[in-house]
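Work through the exercises below with the sequence and the structure at hand. Try each task before reading its solution.

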Amino acid sequence: MSVVELNKKRKEIILNVENLKAEKNKFSKEIGELMRNKETEKANELKDRVSKINVEIEKMDPELEKVQEELNSLASTIPNIPNDNMPVGLDEEENIEIRK
């Protein structure tokens, strides 16, 4: 898999996790309101949904970690592009010090 593909996959996983976390936070607020209003049955249904969301997030974490490791590994093989203004020298003596 290429660096571009891995980065795209990493972004997709992060987006999915963030969306799930936003949904979880929304349900958590609703649960608090339902509990204050003593609507425990609806609150329990939402708690079950939050539990399922937590499981989904936990499933994505190892996948994200694996993709991130592969991406870092591949990215470390890509060399930096030299600056066009950098003078070329064969050894330390020929390299010009521009700034200290």
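**Exercise 1.** Classify glutamate 63 as buried, partly exposed or exposed.

Solution. Step 1: take the classes, in which buried means under 20% relative accessible area, exposed means over 50%, and partly exposed lies in between (1.4 Å probe, protein chains only). Step 2: the relative accessible area of glutamate 63 is 35%. Step 3: glutamate 63 is therefore partly exposed.

This is a predicted model, in which local features need pLDDT of at least 70 and side-chain atom pairs count only at pLDDT 80 or more, while totals for chains, interfaces and linings use all residues. Residues are numbered from 1 along each chain as its sequence is written, and side-chain values use heavy atoms, with hydrogens and water left out.

**Exercise 2.** Find the salt bridge partner of glutamate 63 and state which helices the pair links.

Solution. Step 1: side chains of opposite charge can pair when their charged atoms come close. Step 2: a salt bridge needs a side-chain nitrogen of Lys or Arg within 4 Å of a carboxyl oxygen of Asp or Glu. Step 3: glutamate 63 meets this rule with lysine 9, at 3.9 Å from N to O. Step 4: lysine 9 lies in helix 1 and glutamate 63 in helix 2 (residues 40–75), so the pair ties together parts that are 54 residues apart in sequence. Helices here are DSSP runs of H or I with at least four residues, numbered from the N terminus. Step 5: lysine 9 is partly exposed, at 29% relative accessible area.

**Exercise 3.** How many salt bridges does the rule give?

Solution. Step 1: the count is two. Step 2: one of them joins lysine 42 and glutamate 39, at 3.6 Å from N to O. Step 3: lysine 42 is partly exposed, with a relative accessible area of 48%, and glutamate 39 is partly exposed, with 29%.

Methods. Helix = DSSP H or I, 4+ residues; strand = E, 2+ residues; numbered from the N terminus.
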